[in-house]
Amino acid sequence: MAKRTSRSSSTIADAVAEEIKAERLDSLSGPDSPEGRALGAAVGANVARYRTERHLELEALAERSGIRRPLLRALENGQAVPSLRAIWHLATALEVPFGALLANTMLSRAGDPDFRVQRARRGHVISSADGRFLSRPLFLEGDPRTPEVYELTLMPGCLEEATPHAPRTFEHLTVVRGRLVVRSGSATTELGPGDALFFRADLPHSYENPGSEPTTAQLVMTYGR
């Protein structure tokens, strides 16, 4: 009887694992690598902590985020790797800054927080599921003195559509190289190197690289109180 129970439990676990692997169209499908799994475990622990603090059942968070309950449970248990879009969905659903879900990761560690250098080729890059939209956090998570700053890279032809963030969330974006089309609600503009844009991010918005070369931009997030 014990052996049959063990096999049954193993079968269920294998089925859940296969379901997670098969959900490539779901937003919970980031790059599977040692770094990605470590990031996923930390993000999952943060999601569980904030969900508990807000007295949210898993079902309620699933409904708010659009991510299915089995996948959320796998994430909280450190068994799933979140994509960039999934982290955004979860931050919005939990009404916390994006950076709050990166606490206790490699992104939040620094030897001297009062004089922190991040070299151009260092720092964990968070990627979209297809690898065409990249976000590199440039801030020290957990330090209230630092603004939430990201370096965005869009491959040629990339279109990244974002759902609305929490109310009173704003983005200040400056293009470093390439071209970038930004849409927020009914407003649209095309930016070039040196151009900057401040816009509401609590509306549906998107970023598009219409050119044939990669586009790089820096993004500063601000949140309403």
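Thr 146 counts as partly exposed, because its relative accessibility is 30%. The model is predicted. Thr 146 sits in the loop between strand 2 and strand 3. Leaving aside residues up to four places away in sequence, Thr 146 touches Phe 139 and Leu 140. Pro 113 is 33 residues from Thr 146 in sequence, yet the C-alpha to C-alpha separation is 9.9 Å.

Is Leu 154 buried or exposed? Its relative accessibility is 0%, so Leu 154 counts as buried. Its contacts, apart from residues up to four places away in sequence, are Arg 132, Phe 133, Leu 180, Tyr 207, Glu 208, Asn 209, Pro 214 and Thr 215. One of these contacts, Phe 133, is 21 residues away in sequence and 4.8 Å away in space, C-alpha to C-alpha.

**Two residues with positive phi**

His 55 and Glu 95 are treated together here. His 55 has a positive phi of about 55 degrees although it is not a glycine. Glu 95 is likewise not a glycine, and its phi is positive at about 60 degrees. His 55 belongs to the loop between helix 2 and helix 3. Glu 95 lies in the loop between helix 5 and strand 1, just after helix 5.

| Residue | Relative accessibility | Class |
|---|---|---|
| His 55 | 74% | exposed |
| Glu 95 | 56% | exposed |
| Thr 146 | 30% | partly exposed |
| Leu 154 | 0% | buried |

**Helix 3 against helix 4**

Helix 3 covers residues 58-65 and helix 4 covers residues 69-76. Their axes come within 9 Å. The crossing angle is roughly 110 degrees. The two helices are therefore roughly perpendicular to each other.

Which residues in helix 3 meet helix 4? They are Leu 58, Glu 59, Leu 61, Ala 62 and Ser 65. On the helix 4 side, the partners are Arg 69, Leu 72, Arg 73 and Glu 76. By class, this contact has 4 nonpolar, 1 polar and 4 charged residues.

**Helix 5**

Why is helix 5 described as largely enclosed by the rest of the structure? The reason is burial, because 9 of its 11 residues are buried. These are Leu 84, Ala 86, Ile 87, Trp 88, His 89, Leu 90, Ala 91, Ala 93 and Leu 94. Their packing partners include three helices: helix 2 (34-53), helix 3 and helix 4. The buried residues also pack against strand 1 (126-127), strand 2 and strand 10 (215-223). Just beyond this helix comes Glu 95, which is exposed at a relative accessible area of 56%.

**Cavities**

How many cavities of 30 Å³ or more does the structure hold? There are 2.

The largest cavity has a volume of about 160 Å³. Its lining comprises 18 residues. Closest to its centre are Trp 88, Phe 133, Ala 162, His 165 and Tyr 207. The elements giving two or more residues to this lining are helix 5 (84-94), strand 2 (133-137), strand 3 (148-154), strand 4 (159-162) and strand 9 (205-208). Helix 5 gives the most, with 4 residues. By class, the lining has 9 nonpolar, 5 polar and 4 charged residues.

The second largest cavity has a volume of about 40 Å³. Trp 88, Ala 91, Thr 92, Val 96, Phe 98, His 165, Ala 166 and Tyr 223 line this cavity. Helix 5 again supplies the largest share, here 3 residues. The lining has 6 nonpolar and 2 polar residues, and no charged residues.

Trp 88 is one of the buried residues of helix 5. Trp 88 is among the residues closest to the centre of the largest cavity, and it also lines the second largest cavity.

Notes: Residues numbered from 1 in each chain as written. Predicted model: local features only at pLDDT ≥ 70, side-chain atom pairs only at ≥ 80, totals over all residues. Heavy atoms only, no water. 1 Å grid on protein atoms, 1.4 Å probe; cavity = no way out; pocket = protein on both sides within 12 Å on 5 of 7 lines; lining within 4 Å. Points joined across faces, edges and corners; volume = space filled by probe spheres on them. Nonpolar A, V, L, I, M, F, W, Y, C, P; charged D, E, K, R; others polar. Axes fitted to C-alpha atoms, helices over the stretch in contact; angles between N-to-C directions. Parallel < 35°, antiparallel > 145°, perpendicular 65-115°, else oblique. Contact = heavy atoms within 4.5 Å. Buried < 20%, exposed > 50% of the residue type's maximum accessible area, 1.4 Å probe, protein only.
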